[in-house]
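Please look through the model shown here. The report that follows goes through its loops, its helix contacts and its core.

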Amino acid sequence: MEAAAQSHPFPLLQDIDPGVRRFLDARFRSAADLATASDVEAEIRGHCAGLEASISNLYVRLQEAAAAYSSCCEVAGSALRGVRGGLGALKASGSTGAGEEVEVRMEQMQFEQLPALASEVARVEMVREYAEMALKLDSLVGDIEDAVSSSVTGKLKSPVDNSEKTHHVAIGYLKNIEDLLASVTTTRPQWTRLLSSVDHRVDRSLAILRPQAIVDHRSLLSSLGWPPSLAGSKFSSIDSGKQAEIVNPLFSMRGDLKSKYSESFLALCNLQELQKRRKARQLKGHDVGNQLRQPLWVIEELVNPISTAAQHHFSKWAEKPEFVFALAYKIIRDFVDSMDEILQPIVDKANLIGYSCREEWISGMVIALSTYLVKEIFPKQIELLQESSSSSDAVSTAYQASVSWLSLVDLMISFDKRIQGLISGTGLLLVVKDDDSWQRISVLCVFCDRPDWLQVWAEIERQESLNKLQSAMDLEKNWSARIQGTMLEYDSDDCKSPLITSAVHQTLSLLIDRARPIPSITLRAEFIRMSAAPIISEFLGYMLRRCQEAEGLTALADDNAVLKVSQSINAARYFESTLTEWCEDVFFLEMENLPVNGEGGCIFQQEINHLKEFRVEWADKISTVILRGFDARSRDYLKNRRQWLEKSEGPAVSRTFIESLDYMQGQLSRLQGGLNTVDFVTVWRSVASGVDQLLFGGIFTSGIKISSDGVERLQGDLSVLFAIFSAWCLRPEGFFPRLSEGLRLLKIDEQQLKDGAFTDKNWLREYGIRHLTAADTEKIIKNRVYDA
């Protein structure tokens, strides 16, 4: 017994779990309670049995869940086995008997294990989805590879075998794959390796499928008789009138051949639509703009062979480019209707959104013609220009080379207008109205890739325009005669511009019209800067030389010299208003803030500033000449100090001053007839300001004593001065502020003057003195002589 006791000792009180102690204390409060030990044992065993049943149920559920997902991943199985081990430990701890405490601990453990279990289940679910998606994609890619392989094998066995159905099957598989990949990109973007792997395998299949589909399509086109013969079009005798129509094989398709062509056409369209979707998915999130748009493959297959056939005829007409443009336009026009009627419905069926067969056909032929011009025509034109510079008869040769270049450009502009008529004549508009779309239907796009050719064109246009203008600018009658009714929307006043401005305006308008068809905003701006802007600068330089010549001969003291300057000022005013009005047009607003404009703003902003500076400078010189003449004629008047103290016997007006005013009035009156209204206002206001300063300094602040009679004389003189300027304003006194306020001070009664009060700002404000300083006021008051 002792040995047994030693091998199984009772636990010490402090070693018993506190929860167990509380349980025993509650059940065995006294020795009498020991009789209920069997009942307590039964209760404990009942709790244990319940816990074991709960654990068994949970265990069964976990086993079922583990069995459902064990096929997906071994990792999930090991995790569930770990959970089962934890639950076994929980069962073992419950067997020691802890009553309610055991139940609480079990629930807490379950609560802590649930989030981890849910996370693991979600991970297992994702692994399952990944596996299912990988298997599905692998199956579809395998189907594509089998279809492509069988198509290639069938072609090797039978070259005439119809493979359109095989192509359609492969394209169907490709669409299904693309749908799945698009879904994965949206919902599981982290599966990048799966996406990359599938794209790589699909690319390999497409690298075989697309060339094969194109070869089959070309074979069908050849069996249709495409390209048609162009020999029936006798472009060598265009002037003879009637031209033979080109036979259109698309309209002559019948029966099985038409069905095969339609299927092949639809297969290529579907393939291109699929390729467009794939690129859009792969470049999702990148700013690609209009880069995803490609020419329509099926239209390219129509354009390439017929353009190659047309180049055989183009080579015969290297010296007659008008025949080249005529043939190109005829080919485009004769086939454009079949694009709408036969091919467009198939493109719509393929869901190729944003494609017009008419536009693609025109674009393809225009690009083919532009390529021919770049390779064959323009290099010869450049060579001709270079030879003209080194020729012995350089002037004549250069003229012929320039005429040849301009004639070629005229043909290009005319061709573009006719092409735009084919597009807009049916009510269709460009799918995307931007420079890229415009360049695709304009042969002037050759200048987009060769800005050096654009510079050559602009220089030729500028030189030709200057040669025509030079003779017009040298004719004096073009400066003396005026344009009748030259009122602009921007400025309602008559500019009185000379006739030469009409010729310059017309030249500028023609150059701007030449720039309008250029299919690039930047290049249009560059062309205008290189061609039209120098014309304005040259004309401004010519006007400056005329004014300097007039100033150098007579110092602008002669009426004819002033008239010459006035004519130039009027011309500058006219063009400043014209250019400002042009800059408000949408055509020029698109060119704002381009690098070619320097600091930004209107494309003609530099020229407008130079014209304004020219106007202001020479209007100021005219004002200076008039003031100089007035000053010379009024010196005796200002030197006669005694007149302001003498009592006048006749009219209170100085004769010498009247003579000076007569000169000034005559100058201004003649100037009013020759100068535009705006600049004339600037001149007479400048003259008024100068006269105000001159007379104020010569009379009021020169220390001259003025009596009451002198004040009366001065008032009479100034009233005549004000009367002269009343012809151009309602209140002339406002333009002579110092004279008016000085006269007002002289007329103040002596009794109203307090000691030193006239230096106070409030006193000055009370008497309306706002333009004179306190020192000027004091000096004027002290020079006033009052009668005793």
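## Loop residues with positive phi

At 42% relative accessibility, alanine 555 is partly exposed. This is a predicted model. Alanine 555 sits in the loop between α18 and α19, the latter spanning 559-583. Its phi is near 55 degrees, which is positive although the residue is not glycine.

Asparagine 351 also has a positive phi, near 60 degrees, and is likewise a residue other than glycine. Its loop lies between α10 and α11. Is asparagine 351 buried or exposed? Exposed: its relative accessibility is 52%, and the cut-off for that class is over 50%.

## A cis peptide bond

Tryptophan 226 and proline 227 are joined by a cis peptide bond. Omega there is about 5 degrees. Proline 227 belongs to the loop between α7 (192-224) and α8.

## Overall make-up

How many helices and strands does the protein have? The secondary structure comes to 28 helices and zero strands. The protein has 788 residues, and 43% of them are buried.

## The largest nonpolar core

The largest nonpolar core holds 197 residues. Which of them touch the most other members? They are Trp361, Trp405, Phe447, Phe604, Leu721 and Phe725. The helix that gives the most to this core is α10, residues 321-349, with 15 residues.

## Helix α8 against helix α10

Helix α8 covers residues 255-282 and packs on α10. The axes are 9 Å apart, and the angle is about 45 degrees. The crossing of the two helices is right-handed.

Helix α8 contributes Tyr261, Ser262, Phe265, Leu266 and Cys269 to the contact. Helix α10 contributes Leu343, Ile346, Val347 and Lys349. By class, the residues of this contact are seven nonpolar, one polar and one charged.

## Helix α17 against helix α18

Helix α17 (residues 500-515) and helix α18 (residues 521-554) have axes that come within 9 Å. They cross at roughly 170 degrees. How does α17 run relative to α18, roughly parallel or roughly antiparallel? Roughly antiparallel, because the angle of roughly 170 degrees falls in the class of angles over 145.

On the α17 side, the contact is made by Ile500, Thr501, Val504, Leu508, Leu511, Arg514 and Ala515. On the α18 side are Arg524, Phe527, Ile528, Ser531, Ala532, Ile535, Ile536 and Phe539. Eleven residues of this contact are nonpolar, two are polar and two are charged.

Asparagine 270 is placed in helix α8. It is buried, with a relative accessible area of 9%, because buried means under 20%. Beyond residues up to four places away in sequence, asparagine 270 touches His168, Ile171, Lys175 and Ala350. Asparagine 270 and histidine 168 are 102 residues apart in sequence. In space, their C-alpha atoms are 8.6 Å apart.

Serine 370 is placed in helix α11, residues 357-390. Its relative accessible area is 5%, so serine 370 is buried. Its contacts, not counting residues up to four places away in sequence, are Ser442, Val443, Cys445 and Val446.

Helix α9, residues 297-314, holds alanine 309. Is alanine 309 buried or partly exposed? It counts as partly exposed, at 28% relative accessibility. Between the C-alpha atoms of alanine 309 and serine 229 the separation is 8.2 Å. Along the chain, these two residues are 80 residues apart.

Conventions:
Residues are numbered from 1 along each chain as its sequence is written. This is a predicted model: local features need pLDDT of at least 70, side-chain atom pairs count only at pLDDT 80 or more; totals for chains, interfaces and linings use all residues. Side-chain values use heavy atoms; hydrogens and water are left out. A nonpolar core is a set of buried Ala, Val, Leu, Ile, Met, Phe, Trp, Tyr and Cys residues joined through side-chain atoms within 4.5 Å. Buried means under 20% relative accessible area, exposed over 50%, partly exposed in between (1.4 Å probe, protein chains only). Helices (H or I, at least four residues) and strands (E, at least two) are DSSP runs, numbered from the N terminus. Contact means heavy atoms within 4.5 Å. Axes are lines fitted to C-alpha atoms, for helices over the stretch in contact, and angles run from 0 to 180 degrees between N-to-C directions. A crossing is left-handed if the near helix is turned anticlockwise from the far one by less than a right angle, and right-handed if clockwise. Ala, Val, Leu, Ile, Met, Phe, Trp, Tyr, Cys and Pro count as nonpolar, Asp, Glu, Lys and Arg as charged, and the others, Gly among them, as polar. Angles under 35 degrees count as roughly parallel, over 145 as roughly antiparallel, 65 to 115 as roughly perpendicular and the rest as oblique.
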